[in-house]
Amino acid sequence: MKKLKVGLVGIGRGTAYGRLFAGNNKTIVTALCDTHSESLESCGRQFGLHDNQLFDNYDDLVNSDADIIVIGTPIPVHADQAIKALECNKHVLCEVTAANTLQDCERLFYAVQRSKGKYMLAENCNYMHFALEWNKLIKQGNLGNIYYAEADYVHEIRIAVEGQWRAQRAPLHYCSHSLGPLLLWMDDYIVKATGSGKATSIMGDIGVGAIDMQVALFETNKGATIKVLRSSVATRQPELCAYSVYGTKGFLETGRTGYDNIGLRYFEGLDEKTGKKIAVSSSNPDAPKDSGLGGHGTSEFFLVKDFINAIENDVPPAIDIVKALDMTIPGLIAHESAVKGNIWLDVPRFI
């Protein structure tokens with residue numbers, strides 16, 4: 001198979017994924033785009049690119065000979081950039097979340113339907129080693145029927161919120177790290193949402209991104225309940241990315257420190273009533289040596305590998321547009337609910 005050519009937009013997240021594409025024998029990085037000229041030139045040298053492969057205009061990147069466009073830019077432009085690439089029948093790997101508004105989610109959905117290119121959301125939490133291992137255990141029936149799940153994502157990034165686009169992004173809008181793994185394990189989607197949280201006592205009223213804390217409750221198609229807790233400004237160190245899943249036969253839960261910790265499980269008929277301590281790791285110990293080049297353990301290595309395989313074998317990506325919007329839209333609706341007084345709202349779904 002001829003190597004797929006990869007174009008990256010966004011120094012930082014785009015180039016983090018770029019290192020993994022560069023290390024894959026089925027792909028080659030051929031173009032880079034960013035509006036910051038010094039960063040663009042520096043990263044271009046790291047990838048061994050010539051000046052004519054470096055772009056400060058996204059349209060020029062899309063019109064290059066790249067087969068794949070990797071989008072690592074601010075969330076408000078994700079939909080527009082993905083749609084432009086899809087309209088040129090490029091394959092798109094886009095950082096989270098898929099879009100910034102419900103209208104953009106709809107536009108993106110139909111752009112994917114029209115395109116010959118494949119679209120995948122780069123939700124790395126779905127590819128954390130423990131997330132994949134838990135999925136195997138759950139699919140084997142160890143939890144029985146899941147009726148409740150929760151995820152807490154409290155990551156203090158005040159410097160990034162103040163004066164930047166994140167100031168206009170409500171905490172619950174950034175919900176895919178929470179919902180992604182839960183919906184994977186539950187094999188379900190959300191139909192109703194309510195949210196709470198409007199106070200800005202920590203940073204002041206500089207935008208909805210500075211809301212102290214938000215919590216959402218979701219009802220799924222199968223009748224389960226999901227709770228999500230989110231903040232980008234709350235005082236907490238280390239950052240919290242925690243999950244719990246309850247089923248009719250037991251539960252699984254992570255620890256509450258960072259991504260790598262010790263969790264607990266109880267499977268009825270298999271474990272002692274005190275539960276069983278389990279390792280919660282973002283990295284697969286059996287992964288290749290350079291699999292951590294993208295960051296977040298080995299998660300992004302396996303994500304990129306899945307995306308390339310989907311293109312090569314012409315099959316739907318693991319996190320296709322339907323799943324991408326299942327992880328994006330509920331957070332938009334939950335924040336709308338909080339603004340409207342914590343009412344329950346229907347969550348639209350595009351299929």
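Colleague: Which side chains meet in a salt bridge at 2.7 Å, N to O, with Arg13 as one partner?

Modeller: Side chains of opposite charge can pair when their charged atoms come close. In this predicted model, where local features need pLDDT of at least 70, side-chain atom pairs count only at pLDDT 80 or more, and totals for chains, interfaces and linings use all residues, the side chain of Arg13 meets that of Glu300. Residues are numbered from 1 along each chain as its sequence is written, and side-chain values use heavy atoms, with hydrogens and water left out. A salt bridge here is a side-chain nitrogen of Lys or Arg within 4 Å of a carboxyl oxygen of Asp or Glu.

Colleague: Where do Arg13 and Glu300 lie?

Modeller: Arg13 lies in helix α1 (residues 13–22) and Glu300 in helix α9 (residues 299–313), so the pair ties together parts 287 residues apart in sequence. Helices (H or I, at least four residues) and strands (E, at least two) are DSSP runs, numbered from the N terminus.

Colleague: Is Glu300 buried or exposed?

Modeller: Glu300 is buried, at a relative accessible area of 1%, while Arg13 is partly exposed at 24%. Buried means under 20% relative accessible area, exposed over 50%, and partly exposed in between (1.4 Å probe, protein chains only).

Colleague: Which residues are linked with Arg13 in a network of salt bridges?

Modeller: Glu95 and Glu300 are linked with Arg13 in that network.

Colleague: How many salt bridges does a search of the whole structure find?

Modeller: The search finds 16, including one between Asp152 and Lys227 at 3.4 Å, N to O. That pair links strand β7 (residues 146–154), which holds Asp152, to strand β10 (residues 225–231), which holds Lys227, 75 residues apart.
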